[in-house]
Amino acid sequence: HILALCKRILRGAAVLLPVSEDLKGYMKKLSPNSKFELISNVVDEDIFKYVEQPKTESKKTFIHISTGLDVHKNISGILATLSRISKYRKDFHLQIVSDGDVDYAKKLVNSMNLTEIVTFYPTKSTSEIAEMIEQSSALLLFSNYENFPCVIAESMMSGKPVISSNVNGIPEHVLPNFGLLVNPGDEEALFEKTASFINGDIKFDAEHIRAYALENFGYESVGRKFNEVYRSIL
């Protein structure tokens, strides 16, 4: 019944506005004759700011923000990877911000001796999240599936690179100049790329990432696209 209702709503819309080509593909299966326009998630560029960081960081700091559901976000895979890296260096840190049940992850951190490397935080306000991203070196995700998470757009708006699995809509915006992608579940690849980033072998241009984010996720840019679509309908 819900699926039939969804199809009816989709077919009744003048234009459908998915946030990614990947989502558009799924929506087309439900409503193949609909008109589509891609409009990305929007990010407040005045909250998620680009602030130039010191050229030489003493320690790389990763941030992971999610519900914490492991079957989706694969935090256990992230922790297993960082555990391998911690065997030969400990000059990095991971901050996990989650409003979900991450007790399993906390137990893994204890069993893997990562208590000095991983810190957990509960729900934060938007401005607090923005400040944490601003102070980080990169966003770290390892999801088994996604659409295009807002936290990626927020991190890029702050000029931060993204290390992530290449699932669904993520590769459409996390281009080679903006981050590092691995196949979902490929802990070996995540290990190699994360270790290279910590080592400083791979660097990114923060201003370039910010400029792309402004063009694709900024209020003015996204607002202009919505305005064009609404005017075309009216």
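Which residues point one way from β2, and which the other way? In this predicted model, Phe-92, Leu-94, Ile-96 and Ser-98 point to one side of the strand, while His-93, Gln-95 and Val-97 point to the other, and all are buried. Strand β2 spans residues 92–98, and because seven of its seven residues are buried, the strand is largely enclosed by the rest of the structure.

Strand β2 pairs with β1 and with β3. Seven bridges join β1 to β2, and these two strands run parallel. Within this pairing, Thr-61 stands opposite His-93 of β2. The pairing of β2 with strand β3 (residues 118–121) is also parallel and comprises four bridges. Here Gln-95 stands opposite Thr-119 in β3. Together with helix α5 (residues 103–111), β2 and β3 make a right-handed β-α-β unit.

The salt bridges were examined next, and the count comes to three. In one of them, the side chains of Glu-146 and Lys-73 meet at 2.5 Å, N to O. This pair links distant parts of the chain, since Glu-146 is in the loop between β4 and α7 and Lys-73 is in helix α3, 73 residues apart. Both Glu-146 and Lys-73 are buried. Glu-146 also takes part in a polar contact of 2.7 Å with Ser-143, side chain to side chain. Ser-143 lies in the loop between β4 (138–140) and α7 (150–157). With a relative accessible area of 1%, Ser-143 falls under the 20% cut-off and is therefore buried.

A salt bridge also joins the side chains of Glu-188 and Arg-84, at 2.9 Å from N to O. Glu-188 belongs to helix α8 (residues 187–199) and Arg-84 to helix α4 (residues 75–86), so the pair ties together parts that are 104 residues apart in sequence. Glu-188 counts as partly exposed at 40% relative accessibility, and Arg-84 counts as partly exposed at 37%.

Asp-91 forms a salt bridge with Arg-89, in which the closest N and O atoms are 2.8 Å apart. Asp-91 is partly exposed, its relative accessible area being 28%, whereas Arg-89 is buried, with a value of 18%.

Methods:
Residues are numbered from 1 along each chain as its sequence is written. This is a predicted model: local features need pLDDT of at least 70, side-chain atom pairs count only at pLDDT 80 or more; totals for chains, interfaces and linings use all residues. Side-chain values use heavy atoms; hydrogens and water are left out. Buried means under 20% relative accessible area, exposed over 50%, partly exposed in between (1.4 Å probe, protein chains only). Two strands pair if DSSP finds at least two bridges between them. A crossover is right-handed if, with the strands pointing away from the viewer, the path from the first strand over the helix to the second runs clockwise. A polar contact is a pair of N or O atoms within 3.5 Å; within protein, one must be able to donate a hydrogen and the other to accept it, and residues adjacent in sequence count only if both atoms are side-chain atoms. A salt bridge is a side-chain nitrogen of Lys or Arg within 4 Å of a carboxyl oxygen of Asp or Glu.
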